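Subject: Structure handover

Hello,

The structure is below, followed by notes on what was found in it. Please read them alongside the model.

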Amino acid sequence: MLTFIGLGLFDEYDISLKGLEAIREADMVYAEFYTSCLMGTNLEKMEKLYGKKVFLLSREDVEQHPDWLSKAKNRNLCFLTGGDTMVSTTHVDLRLRAEKLGIDTRLIHGASIASAVSGLTGLQNYRFGKSASIPHPYESRRGTRIISETPYDTIKQNLELGLHTLVFLDIDKEKGYMTVNTALELLLEVEEKRGEGIMRGAAAVGIARAGSEKPVIRADYAENLKDFNFGKPLHILVIPGKLHFLEAEALVKLAGGPVGFMKEVE
Ligand SMILES: C[S@@+](CC[C@H](N)C(=O)[O-])C[C@H]1O[C@@H](n2cnc3c(N)ncnc32)[C@H](O)[C@@H]1O
């Protein structure tokens with residue numbers, strides 16, 4: 001049996017009782033923290049709470065050479081992921097590989113950033129369009145700095161439909177955790193290069209450390225928000241589309257948004 005367990009958002013205590021019980025009964029426990037991670041804890045604290053050794057897997061171990069999977073043929077394995085195990089990950093691939101090997105699988109869910117964002121901002125989940133991810137820029141072989149324009153296009157399409165965009169921010173082994181500030185700078189850079197105007201004057205909402213005792217949620221116009229200090233990671237960004245009056249009120253009253261947001265409502 002292979003049990004996929006979502007660990008929730010911030011520290012080792014965010015796991016469900018079902019998840020904890022499954023870990024305590026498991027023969028082996030694996031985890032990956034490249035898709036998301038819990039910034040309020042570390043492996044040592046998790047192992048202490050679980051009473052189990054946790055083997056940390058790299059992206060290659062999970063996506064290219066998941067040889068460890070075959071151990072689940074005659075043992076109970078748990079596979080741990082930050083947030084919910086199947087939200088904004090490709091772990092369904094692991095599940096399908098396991099099923100092909102004749103291994104039973106099951107899921108134990110965890111709180112996800114995708115739902116926490118609606119809770120913290122007041123933006124309604126059914127008014128979101130396609131999500132986007134902003135990767136760190138990279139250098140081409142010729143030494144040119146390349147910025148992905150895909151997130152900008154996704155935001156543009158959603159705005160045309162009046163929909164909000166949830167923008168996941170890159171976690172990179174070498175380049176680190178992307179901040180809301182860098183994400184907005186990159187979007188504004190793409191905009192400038194293209195000579196378009198969707199981000200100028202657009203509303204934006206940044207969220208830092210969801211699930212912690214003191215998450216930071218701040219709404220403003222994109223050009224102002226890029227200078228706001230959100231503190232430590234993890235961060236996530238939302239570019240709201242057309243606002244319902246309740247959403248506008250929540251952004252103004254709960255996230256320090258400018259009162260101008262109230263004038264642009266449905
Ligand atoms: C690729 S998504 C994976 C989502 C995860 N599976 C889940 O269900 O929450 C990870 C990204 O979501 C955002 N994120 C995850 N947890 C967060 C948190 N506690 N606070 C703020 N942003 C978070 C960050 O931008 C991070 O890079």
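Helices (H or I, at least four residues) and strands (E, at least two) are DSSP runs, numbered from the N terminus. The model is predicted: local features need pLDDT of at least 70, side-chain atom pairs count only at pLDDT 80 or more, and totals for chains, interfaces and linings use all residues. Residue numbers start from 1 along each chain as its sequence is written.

The protein chain has nine helices and 14 strands. Its C-alpha atoms fill a box of roughly 60 × 45 × 30 Å along the principal axes.

Ala 210 sits in the loop between strand E12 (203-208) and strand E13 (216-221). Ala 210 is buried because it has 23 C-beta neighbours inside 10 Å; the cut-off for buried is 20 or more other C-beta atoms within 10 Å, with C-beta atoms placed from the backbone. Beyond four places in sequence, the contacts of Ala 210 (C-beta atoms, placed from the backbone, within 7 Å) are Leu 9, Ile 113, Ala 116, Leu 120 and Pro 215.

His 235 lies in strand E14 and is also buried, with 23 other C-beta atoms within 10 Å. Among its contacts beyond four places in sequence are Leu 169, Thr 179 and Phe 230.

The UniProt record lists both Ala 210 and His 235 under "binding site"; its positions are given in the numbering used here, feature names are shortened, and annotations may be inferred rather than shown by experiment.

Regards

How values were computed
A residue is buried if 20 or more other C-beta atoms lie within 10 Å of its own, exposed if 12 or fewer, and partly exposed in between; C-beta atoms are placed from the backbone. Two residues are in contact if their C-beta atoms, placed from the backbone, lie within 7 Å.
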